Amino acid sequence: MITPPDRTPVPREFFDRPVLEVAPDLLGRTLVRTTPDGPIAVRLTEVEAYDGPNDPGSHAYRGRTARNDVMFGPPGHVYVYFTYGMWFCMNLVCGPEGRASAVLLRAGEVLEGAELARKRRLSARNDKELAKGPARLATALGVDRALDGTDACDPGETPLRVLTGTPVPSDQVLNGPRTGVAGEGGVHPWRFWVANDPTVSPYRAHVPRRRSS
C-alpha cells in the first residue's frame, strides 16, 4: 500500500536551519503553486545549497544587493532571479534572518496540474521533463520575479507553499558537485538528488560563455 503524501504545510522552523541541513531534507517534499487556473504540485527531486558569505557560488557572496535582498530576509521566503536574459529560477531562503543562504530548486515530478504545466512547457517530450532543471521547473509553475519575496510559510493564501510530502530516506539521497557553477563555488558537493529518479537533471560542468566580438 502506497501512503499518500502528507499535505501538512512545512513550518518556518524547518527553514530556520543551516542550508546544508535544509537542502537534502527538501527532497520528497511537495511544492504547491496556486494559480487562477488551478494548482500545480511538484515533488522535489533535486536541489542545490548556496551558503551566502561562505560560498563563492552564491549570489550573496559579496554582500547585499537589490537583486539578492530576499536572501537576507526571514527563512521560508522565495528568492527568484532572472538568468541568461531569458529564464527564471527559484530558491527557498534558509537560516536566520540577516545571514543569506538559500536552496535552489533544480527539479521535480509533477504530481498535480500536469495539464497546466504542459501548456507552459510545450518543448517537453514527456511529463518527466516538465520540471527537469531549475528553469524548466520555474517555467512549469509559472514563476517569475513577481513572486520574489513570497512567504511560502504564510498560513493564509499564498501562491507558493511547501508541504511535508514524503521525505526521502537518507540512503536514497545522493550528492555531488553543483551544476554549471564556475570557480571555487563549483567544487562544493552541495547538489542533492533522489537516486535513480528520472526527473533529476543531468550533471553539467561549467562551460565559460564566449564573448561576442
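This is a predicted model: local features need pLDDT of at least 70, side-chain atom pairs count only at pLDDT 80 or more; totals for chains, interfaces and linings use all residues.

Student: Which residue forms a salt bridge with Asp69?
Tutor: Residues are numbered from 1 along each chain as its sequence is written, and side-chain values use heavy atoms, with hydrogens and water left out. A salt bridge is a side-chain nitrogen of Lys or Arg within 4 Å of a carboxyl oxygen of Asp or Glu. With the closest N and O atoms 2.7 Å apart, the partner of Asp69 is Arg64.

Student: How many salt bridges does the structure hold?
Tutor: Side chains of opposite charge can pair when their charged atoms come close. Some of these pairs join up, as with Glu46, Glu48, Arg106 and Arg191, which are linked in a network of salt bridges. For the structure, the number of salt bridges is 14.

Student: Arg12 and Asp151 meet in a salt bridge that links distant parts of the chain, so how many residues apart are they?
Tutor: The side chains of Arg12 and Asp151 meet at 2.8 Å, N to O. Arg12 is partly exposed at 28% relative accessible area, whereas Asp151 is buried at 18%. Helices (H or I, at least four residues) and strands (E, at least two) are DSSP runs numbered from the N terminus. Arg12 belongs to helix α1 (residues 12-15) and Asp151 to the loop between α4 and β7 (160-165), and their separation in residues is 139.

Student: In which strand does Glu109 lie?
Tutor: Glu109 is partly exposed, with a relative accessible area of 24%, and the side chain of Glu109 meets that of Arg43 in a salt bridge of 3.4 Å, N to O. Arg43 lies in strand β3, so the pair ties together parts that are 66 residues apart in sequence, and the strand of Glu109 is β6.

Student: Why is helix α4 said to be largely enclosed by the rest of the structure?
Tutor: Helix α4 spans residues 134-141, and its buried residues pack against β2 (30-35), β3 (38-50), β5 (87-93), β6 (102-112) and α3 (114-120). Those buried residues are Pro134, Ala135, Leu137, Ala138, Ala140 and Leu141. Helix α4 is largely enclosed because, of its eight residues, the buried ones number six.

Student: What is the relative accessibility of Leu137?
Tutor: Leu137 lies in helix α4. Leaving aside residues up to four places away in sequence, its contacts (heavy atoms within 4.5 Å) include Leu31, Leu44, Met90 and Leu105. Leu137 counts as buried because its relative accessibility is 0%.

Student: How many disulfides does a search of the whole structure find?
Tutor: A disulfide is a pair of cysteine sulfur atoms within 2.5 Å, so the cysteine sulfurs must be compared with that limit. A search of the whole structure finds zero disulfides. For Cys89, the nearest cysteine sulfur is that of Cys94, 16 Å away, and for Cys153 the nearest is again that of Cys94, 10 Å away. Cys89 is buried at 5% relative accessibility and Cys153 at 14%, but the number of disulfides found is zero.

Student: What is the relative accessible area of Asn196?
Tutor: Asn196 is found in the segment after β9 (191-194), and its phi is near 60°, a positive value in a residue other than glycine. Asn196 counts as exposed because its relative accessible area is 80%.

Student: Among the elements of the protein chain, which has the highest mean pLDDT?
Tutor: The mean pLDDT of the protein chain is 91, and 95% of its residues reach 70 or more. Among the elements, strand β1 (residues 6-9) has the lowest mean, 92, while the highest, 98, belongs to β6.

Technical notes: Buried means under 20% relative accessible area, exposed over 50%, partly exposed in between (1.4 Å probe, protein chains only). pLDDT is the predictor's confidence in each residue, from 0 to 100.
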